[in-house]
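Subject: Structure handover

Hello,

Here is the structure for your files. My notes on what was found in it follow below.

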Amino acid sequence: MGRVFGAFIRRDWTIARSYRLPFYMVVGSSAFLLVLLYEVGHLFDLNPTTTGRDNPLSHGYFGFALVGIAVLQIVYSAVQSFALQIREEQTTGTLEILLATPTSPSVVILGSALYDLIQPTVVSVLMVAVGALAGNVGLAAKTSSALAAAAALIGLLALFAGLGILVAAFTVVFKQGTSVVTLLVTALGLFGGAYFPVTQFPEPLRWIAEALPFTWGVDVLRQALLLGQVEVGRLVGLLIGGAALLPVSLYAFHVAVQRARVRGTLAQY
Amino acid sequence: MSPSPSSSPFSHSRPAGEVVGIEADGLSKSYGPVAALVDVSFTIGYGSIAVMVGANGAGKSTLLRILGTTILPDKGTATVHGHDVVTDPTGSRRATGLVLGDERSWYWRLSGRQNLEFFAALHGMGRRVAASRTVELLKMVQLDDVADRRFDRYSSGMKARLSIARALLVDPPVLLLDEPTRTLDPLVANTFRRLVVDFARDERKAVLWVTHDLQEAAAVGHELLVLASGAVALRRASVPGPYQLGAMLEEIEGLG
């Protein structure tokens with residue numbers, strides 16, 4: 001399986017390198033975002049509303065939003081990459097020939113989006129590192145919190161990749177599905193506390209926000225990176241959620257491919 | 001172009017008692033109310049090229065895709081090199097080389113070499129084996145001097161030759177070709193045909209070749225299979241000349 005994943009990554013890395021502009025766009029937009037957050041953080045911190053050492057916001061808005069937006073970018077790519085890749089394979093005509101090889105549909109769908117998951121994860125981690133250095137955000141330097149952050153990242157990726165594979169399964173059958181992802185992720189950014197604390201919401205919305213796994217992920221990463229603390233309950237919830245949803249979504253993708261084979265629509269777009 | 005070296009790193013042990021490369025028995029497939037295939041049965045032996053002709057919508061592509069495991073039949077069975085395409089699709093895929101006339105089945109921003117190495121990995125080859133097999137096949141189809149040129153800069157003839165190279169990656173005992181010369185000029189098409197015919201004969205492949213070109217059918221085929229309205233309208237152990245074949249098709253389609 002590893003060699004097939006390696007082949008997918010090499011394929012997508014080679015294709016990505018053949019387009020120069022998107023690389024500069026990623027670097028440019030990340031730099032602009034950092035400056036924007038930094039300046040907004042200055043404004044926000046002039047009028048602090050939250051105190052207390054155990055609140056991530058007490059360390060400044062810049063660090064708070066930086067972690068939230070980095071997580072949002074990773075989640076966005078995890079949810080959308082699978083469906084986008086499948087859609088592209090459908091329209092370019094490569095999906096049928098991929099699924100006519102002995103490689104299983106599960107490996108094909110995971111491999112297809114691997115590069116698109118790795119690239120934004122690396123960019124987001126670099127963005128946090130650069131932002132922390134340039135913006136004077138004090139990241140907690142504890143082994144336990146670093147491990148918790150890494151585990152939360154894995155849990156988030158597994159959970160939202162599972163969601164993304166479900167959207168990809170939908171795309172195999174109905175040839176559509178990617179448009180719903182943008183709406184979903186925008187809503188997550190709003191209700192999941194990427195930009196501001198969910199404690200600001202009125203009661204019913206706050207309950208919804210607190211129940212979102214995205215919120216758990218952002219909270220665990222903020223606690224770990226900014227405060228050096230480990231939120232065990234939410235971290236375990238994320239990991240269990242990811243471990244449960246990923247196999248279910250792979251099974252759903254397999255069913256979707258079988259359905260397309262029955263209907264004879266694998267080559268259609 | 002010359003046939004592949006006979007020494008191959010890939011072995012496809014022939015199932016015990018297996019004498020035919022492709023066998024279809026009572027295959028049927030419908031899309032809603034439209035019957036695409038109706039009770040189709042035939043066999044193709046090793047070393048034989050069966051050409052399949054028929055009007056548009058006769059069910060040729062559906063049949064080829066059932067054998068290629070990308071469409072499931074409603075009824076009937078089919079085996080490729082002894083592997084059932086429904087119950088053992090992985091074994092069947094390992095034994096099949098699929099050539100689609102469609103240029104869309106490639107990654108256009110990768111080179112010919114990169115494309116082949118990628119598909120080789122999907123067939124389970126390690127990087128070194130994939131690289132050496134790719135070199136061997138590119139040489140065989142005379143693309144070795146443009147191996148690192150991007151696919152979108154290949155001519156139609158080069159793309160067709162790369163398609164046959166991809167189909168031969170694991171040296172499969174069975175080849176399925178879906179109008180492989182459709183976009184080629186006559187000269188390049190002729191070269192392509194010679195490559196496949198020589199290769200199928202020398203390596204004793206079972207080949208199912210779908211075509212609309214009656215001259216091509218007459219030139220390459222050992223056996224004839226005519227589909228009309230999803231059913232086998234005619235099976236012959238030899239392929240007549242293009243004019244006679246044309247007359248037969250007109251009669252089958254009620255145009256004669």
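A residue is called buried when its relative accessible area is under 20%, exposed when it is over 50%, and partly exposed in between, with a 1.4 Å probe and protein chains only. This is a predicted model, in which local features need pLDDT of at least 70 and side-chain atom pairs count only at pLDDT 80 or more, while totals for chains, interfaces and linings use all residues. Residues are numbered from 1 along each chain as its sequence is written, chains are lettered from A and ligands numbered from 1 in the order in which they are written, and side-chain values use heavy atoms, with hydrogens and water left out.

Salt bridges

A salt bridge here is a side-chain nitrogen of Lys or Arg within 4 Å of a carboxyl oxygen of Asp or Glu. The search of the whole structure gives 16 of them over all chains. Helices (H or I, at least four residues) and strands (E, at least two) are DSSP runs, numbered from the N terminus.

In chain B, D74(B) pairs with K29(B), with the closest N and O atoms 3.4 Å apart. This pair links distant parts of the chain: D74(B) is in the loop between helix 1 (60–67) and strand 4 (75–80) of chain B, K29(B) is in strand 1 (residues 20–31) of chain B, and the two are 45 residues apart. D74(B) counts as partly exposed, at 44% relative accessibility, whereas K29(B) is buried at 1%.

D171(B) and K205(B) also form a salt bridge, at 2.6 Å from N to O. D171(B) lies in the loop between helix 5 (156–167) and strand 7 (174–178) of chain B, and K205(B) in the loop between helix 6 (186–203) and strand 8 (206–210) of chain B, so the bridge ties together parts that are 34 residues apart in sequence. D171(B) is buried at 11% relative accessibility, and K205(B) is buried at 3%.

In chain A, E203(A) bridges to R206(A), with 3.7 Å between the closest N and O atoms. Both residues lie in helix 8 (residues 203–211) of chain A, 3 residues apart, or about one turn of the helix. E203(A) is partly exposed at 42%, and R206(A) is partly exposed at 29%. Elsewhere, a network of salt bridges links R11(A), D12(A) and E89(A).

Nonpolar core

A nonpolar core is a set of buried Ala, Val, Leu, Ile, Met, Phe, Trp, Tyr and Cys residues joined through side-chain atoms within 4.5 Å. The largest one has 154 residues, and F42(B) and L208(B) have the most contacts inside it. Its largest share, 16 residues, comes from helix 3 (residues 61–92) of chain A. Domain 1 (1–95 + 172–256) and domain 2 (105–170) of chain B both contribute residues, so the core lies between them; the domain bounds come from an automatic or database domain assignment.

Contact means heavy atoms within 4.5 Å. Not counting residues up to four places away in sequence, F42(B) touches several residues, among them I22(B), L63(B), L208(B) and R235(B).

Helix 6 of chain A

L153(A) is in helix 6 (residues 143–174) of chain A. With residues up to four places away in sequence left out, L153(A) touches I74(A) and T121(A).

Regards
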